[in-house]
Amino acid sequence: MDQVIIIGGGVIGLTAAYELCQAGFRVRVLDQAEPGQEASWAGAGMIPPGAPGSQPVVLQQLATESTQLWSELSERLREETGIDNGYRVCGAVHLATAFESLVAQQADWQAGGVDVELLDHAAVRGLIPPITESVSHAIHLPRAAQVRNPWHLLALRTACERSGVEILAQHAVREIVVNQGRVSKLKTTHGVFRGQQILVTAGAWSADLLDSVGCSIDIGPVRGQIVLLKSDQPLFRVTLEQGPRYLVMREDGHVLIGSTEEWVGFEKRNTVAGIAGLCQFASELIPGLDDLTLQRCWSGLRPHAPRGLPYVGQVPGLKNLFVAAGHFRAGLSNSPATARLICDLLLGREVNPVYKALGVGRPL
């Protein structure tokens, strides 16, 4: 079977490597730093139970298919590696500043075929006992789930390596060399590599790599800051979301507070304003969080595609070059279906026609 070289060892790259290896490909992963340590590691691991009906049909399909695959993938990884990735169906509670907005959100999720219920104050307190009295209503998505990002990435990497995937850290690709309509080789900081198929899954760095071969995709970095607190015991079970910000409670009492959305280029650092704003958001929703231990804070660079859709497909004009990048906040949650789609494309299988919308400049 052909060898596939994957450029980028985040959750999309590692999940694709795992699926491709299972399908019989020989796979090598090149990462410019340490695999799984960028946006994939930095997130909170929220997995929605699908997508709202207002989202493009292709995103609904990608989210629904991924939701269906998460349990199976997690079980396979646990059986093969002995590592629990923390996948749990915990439910999610979404808040809004106006009741009318919640009703609209409920209808939107229902239009996407997702189970959702409108909660009154008593029901909200039943799911989140310490929540502020000012919350009068919310919506509840009982099939929402979460996963522990670092655990999942460790399980993926371990499963890949045990399956024969070669993962090389600190191997930055400096040049993609093209000859007669195909990628002939990759020049890296540690020599030259050749593969029959090349897949770019480099997140926010993907656009620069593809630009060097004349393929223009619009993907840029968006910084997200996160705060980690520690409680002696879990304070609630569901994930709590309001717009782009959230609280995720782990079973061991850790609390993740996220996340900012900052267009600051490739500047990955924490700021006083960012962390203070997140802490204020959390303490206003859950009085008493101010007394918890602040363990650490960090940030990640999400790959944002202004067109509103990730790029998954063959690069026009280059028969053996593919890309899967630009998932923004849904990289981890949509990684299972994205990896399956990549595998189908490289095997030359027919794919669901709805995925043509993800093509790079032309249909898949």
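A polar contact is a pair of N or O atoms within 3.5 Å; within protein, one must be able to donate a hydrogen and the other to accept it. The views below come from a predicted model.

View 1. The side chains of H254 and Q295 are joined by a polar contact of 2.8 Å. H254 belongs to strand 17. With a relative accessibility of 17%, H254 counts as buried, because the cut-off for buried is under 20%. Residues up to four places away in sequence aside, H254 touches R148, L228, L229, K230, V248, M249 and Q295.

**View 2. The cis peptide bond between G258 and S259.** The bond from G258 to S259 is cis, and its omega is near -15°. S259 is part of the loop that runs between strand 17 (254-258) and helix 8 (272-285).

View 3. N85 sits in the loop between helix 3 (57-81) and strand 4 (88-89). Its relative accessibility is 0%, so N85 counts as buried. The side chain of N85 lies 2.9 Å from the backbone nitrogen of Y87. A polar contact of 3.1 Å links the side chain of N85 with the side chain of H152. Apart from neighbours within four places in sequence, N85 is in contact with W70, S74, L77, V147, R148, W151 and H152.

View 4. At L69, helix 3 bends by about 35°. The 25 residues of helix 3 should span 36 Å at 1.5 Å a residue, and the end C-alpha atoms are 35 Å apart, which agrees.

**View 5. Pairing of strand 19 with strand 20.** Strands of a sheet pair through backbone hydrogen bonds, either parallel or antiparallel. Strand 19 and strand 20 run antiparallel and are joined by 4 bridges. V312 stands opposite A324, a residue of strand 20.

**View 6. Positive phi at Q180.** Q180 is not a glycine, although its phi is positive, at about 55°. Q180 is placed in the loop between strand 10 (173-179) and strand 11 (182-188). The relative accessibility of Q180 is 77%, so Q180 counts as exposed.

**View 7. Positive phi at F328.** F328 is a residue other than glycine with a positive phi, near 55°. The loop that holds F328 lies between strand 20 (321-325) and helix 9 (335-347). F328 has a relative accessible area of 21% and is partly exposed.

Methods. Residues numbered from 1 in each chain as written. Predicted model: local features only at pLDDT ≥ 70, side-chain atom pairs only at ≥ 80, totals over all residues. Heavy atoms only, no water. Helix = DSSP H or I, 4+ residues; strand = E, 2+ residues; numbered from the N terminus. Buried < 20%, exposed > 50% of the residue type's maximum accessible area, 1.4 Å probe, protein only. Contact = heavy atoms within 4.5 Å. Expected span 1.5 Å × (residues − 1). Bend = angle between axes of the 7 residues up to and from the residue. Pairing = 2+ DSSP bridges.
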